[in-house]
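Please take the structure below as the starting point. The paragraphs that follow go through selected residues, their surroundings and their charge pairs.

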Amino acid sequence: MAAAGTGLPEAAAITHHAHTYTLEILPERIDWHRFRALVSRARRLSDDGGDDRAVALLHQADDLWRGDPLAGLPGSWAERTRTSLAEQRLSATTSRIAMQLRLGRFSEVVGVLCSLVDQFPDDETLLGYYMLACYGCGRHADALRIYQEARRKLRTELGSDPSEELARIHQRILRRVPAREVLFDGPQHAPDTFRTDYAPHNLPRQVALVGRRPEMRRFHAVIAAASRTEGDGYASIVALEAISGMAGVGKTALAVNAASALGRHFPDGQLYIDLRTHARVQEPMSAATALATLLRLLGVPATAIPAALEERTDLWRTMLSHKRAVIILDDAADTDQVRPLLPGLSPSLIIITSRRHLAGLPGAHSLALDVLPPQDAVALFRTFSGQERTQDTTGISRIVSLCGHLPLAIEIAANRFNARPAWSLADLRERLTRGPGRLAELHDGYSEMARAFEMSYLTLTPAQQSAFRRLALHLGAEFGPHAASALMGLPPQQTERLLESLLYCHLLQEPRPDRYRFHDLLGEYARALAHSEDDEETRDQAVQRLIDYYLSATETADALVYPQRPRMARQRADSTTGSVGTVGTRLPWRDAEAAKEWLVTERSNLLTVERHARTHGIPRQAALLSHALAEFLDAECHWVDTDRMQRHAVDHWKQAGDQRALCLALLDLSATRTNTGHYPEAMAAARHALELARATHAPDAEADALRKLGILHWNHGRNHEALAAHREAIAVHVRSGNTWGQARCENNYAISLLHLGKHQEALEYFTRAIDTFQQAGDRRNSAKCINNLGDLHLQVGDVELARRTYETSLALTMDVGSLSDVATMQANLAGLLSASADRHDVASGMDMFRECLFTFRRLGDRKNEGNALIGLGTAHFGLGQFTEAATHHQQALTLARSIGAAQEEARALRCLGSAEAALGHLAVAAEHLCAAISLAHRIHFPEEEARATDALAEVRLREGSREAAQELWRQAFELFDGLDKTEASRVARRLDTKDAKS
């Protein structure tokens, strides 16, 4: 910049345009252009087998990064640009790691992979690399542990198993295959940044295909024809279309079986994606979302996937240009949805299934999938109904003809027959031929399928038919018996009998006890019947009863599980069709734990009901349900779910002019905003709530607002303001006689005292709060207080007592606490272990911190995410891994500053300074430590000020400034003397040593 305008040939120049300025400078003088050039050169070298030189170039490229790009520049453009640049840096790092693994440099990448997996815990490519790196370093058990943890998380959180590729890596490690052969069976180089060295396989399970021999021959013929033109890079596309009305004709089954049979021709993978055009609960998948899913299946990190559809298409086509993979695009809507998913010149096979004819796909081979031939239809019926009662081939032929030879219709009829041992084939055939058809009631796409469903429907009694239609109006994916009772408007016993009858007829499914759902096509058929046979008023009344039930039941559960919270008066049903306000009393809840289990099970349905009420002209019930759910969603850390509904509740009560309800809605919103680190909004909501509570003379809400303000002050490091707020809250509770509320505020009061170094006073308040909670039977809050007591013991230097206290708190919390509670307790114990001189303790602490970091990120708890990053960095520091430590502390610092968490910022600055000092970067270290001291002093955080001062003394001594170091140690001693006697003694010894030397 200084050289701009000097006229030198290589000088930068600033050019003025209409509303902008442009810096004109040679590209090779811009770090970003240099980075891209180095990555491009490395890619070419790797393509030619020069991984060794490519790794060196990628290291040079990474060294060009100095902190975040465009740091300090506000605005959405800057944020998008930062994200894009970071994604490209990550893709280069991932490519470099793959090259280093191919070169056998396992120990070089373990540390960086550990950090990357912490940042991107769901990236199975990185997990596979991490497993290989540990295995290559001789850490066989660690590699297996990484897989077990990944499998546990996928099963508990997503209900799925690891990808076949990750499972394959696991199996090879179990068999102790040589490390270099675990991932890389093919050429030992990567043609481009994102290319993976494994073949993904995610085809869904399907029963063995019955029939379809001509269609399978057609597939083999297409492959044979494509192989003859392989030199042209021909992309074979097979579109499976449904004849009008032929839903359930078996398109997916044929596609998956064909992909499996042809897999040997496509060694680079077998990929499947459901485009969800006819999904009931989920929205149809857009082309952009589908491309993101497909790219992830090919190993592209989520952070490296472009935002724009065109860029995703370009990347997808580039990656397929050299791959032989078979890809199924299932349940496509139309040509526009599919076209961006098609490859360019590629040896891959794309199989598309759709209920519509997909015209206009270049190079596509259309295969109109017809119903089964009679012989195959008979064989399919016998497959599902068994052989003993199906010897009459003529009788079966008549039945499958009545089913239209549709595979799904045949399966339903066969299952029906199999469930009725008393029936003969003639009985089943007679039911299939009763009465006129109802095809006119369904659109063309379901005309033949309706005959099969109609057969089951017409065999039902009028009460069963009504129940079938009512249940289809449920707003969620599955439901319980009480929701069914509300929809039907019937007593529970009668409802239970009807549910059992529908289960028996295979018109309902029961995936687990007392949870019911429709098969997707049966659900569509039932909803069509509800709209054709029932008038709008009848349907609306059923849905209104359902909403009334969920609101009443949620209020009942909330009162049982969280009896102490300020809440609105219990609401009666708004429906004029009959009160269900007493339904909650009929729920089989033995205790608060059973009520909480119901809330956990029904959470998805409750959120769906709230959204339906909010968007269908029932705003009051949506706002009431938001409040009834608030404490549960907060305790279980579902903060992402609550933001929109709580904002709506606030808006609704403002418009309604209900100040009491508005006050409580603001308190709910303030808690959510606090837990997600949005402190300014949380503060504004809490202050507004405090004004309303005082105006409406609501002491419980007033005290809660004061407590929330105190917590916010504490999060900002303003402990004196926090003490003042908590004192006011305690006084309000004393006046109203609320001892439980008083104890909760005393716990928060003690926390602020602890951070001000007032240990004895904090001990008194912690002890008092613990006694009160235990007397009230509140084990969860008692555990939190015990954990805080462990912090106190640790600060005064009693490490062994602190450890025992933490372990007691953790054991209690794992029994009664939320996921966030458990992670918080684990983090405290992990911090203690990480500071141990025992390396096994440090390793255990590091594992705990990784688990906590994953939990906090999943919950959206940004403040505790920062604490976990600091803890993980400290553990790396204790093991001498200073670069990894600095990386984690820098991430924590950035996060703390972004949410205004002053205490976490001070800690991150101090820890980052120590890590930089250990790396020999003394000037940078001193800068961070001085900033930490200044911030800690400003926010009245004496413990952190003392630790940062002590660390800065070490840096000054290493710089040769002995007098400066002595003065800093004297300051640190004075600070520690009133806080931590153990640390004060240690600093005193250092001071004595330096004085003696001087």
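Ala-915 is found in helix α39. Helices here are DSSP runs of H or I with at least four residues, strands are runs of E with at least two, and both are numbered from the N terminus. This is a predicted model, in which local features need pLDDT of at least 70 and side-chain atom pairs count only at pLDDT 80 or more, while totals for chains, interfaces and linings use all residues. Residues are numbered from 1 along each chain as its sequence is written, and side-chain values use heavy atoms, with hydrogens and water left out.

Ala-915 counts as buried because its relative accessibility is 0%; buried means under 20% relative accessible area, exposed over 50%, and partly exposed in between, with a 1.4 Å probe and protein chains only. Its C-alpha is separated by 8.4 Å from that of His-889, 26 residues away along the chain. Arg-644, placed in helix α26 (residues 639-656), counts as exposed at 63% relative accessibility. Between Arg-644 and Ser-626 there are 18 residues in sequence and 9.7 Å in space, C-alpha to C-alpha.

Helix α16 covers residues 407-419, 13 residues in total. From first C-alpha to last it reaches 18 Å, close to the 18 Å expected at 1.5 Å a residue; the expected span is 1.5 Å times one less than the number of residues. Among its buried residues are Leu-408, Ile-412, Arg-416 and Phe-417.

The structure holds 47 salt bridges, each a side-chain nitrogen of Lys or Arg within 4 Å of a carboxyl oxygen of Asp or Glu. One of them joins Glu-610 to Arg-614, with the closest N and O atoms 2.7 Å apart. Why are Glu-610 and Arg-614 separated by about one helical turn? They are four residues apart in helix α24 (residues 592-615). An α-helix has 3.6 residues a turn, so residues three or four places apart point the same way. Glu-610 is buried, at 1% relative accessibility.

Other pairs link separate helices. The side chains of Glu-904 and Lys-863 meet in a salt bridge at 3.5 Å, N to O. Glu-904 lies in helix α39 (residues 902-918) and Lys-863 in helix α37 (residues 862-878), so this pair ties together parts that are 41 residues apart in sequence. Both Glu-904 and Lys-863 are buried. In another salt bridge, Glu-954 meets Arg-990 at 2.4 Å, N to O. Because Glu-954 lies in helix α41 (residues 942-958) and Arg-990 in helix α43 (residues 981-997), the pair ties together parts 36 residues apart in sequence. Glu-954 is partly exposed at 26% relative accessible area, and Arg-990 is partly exposed at 25%. Salt bridges that share partners also join Asp-558, Arg-565, Arg-567, Glu-631 and Asp-668 into one network.

Asp-514 lies in the loop between β8 and β9 (515-517) and is partly exposed, at 44%.
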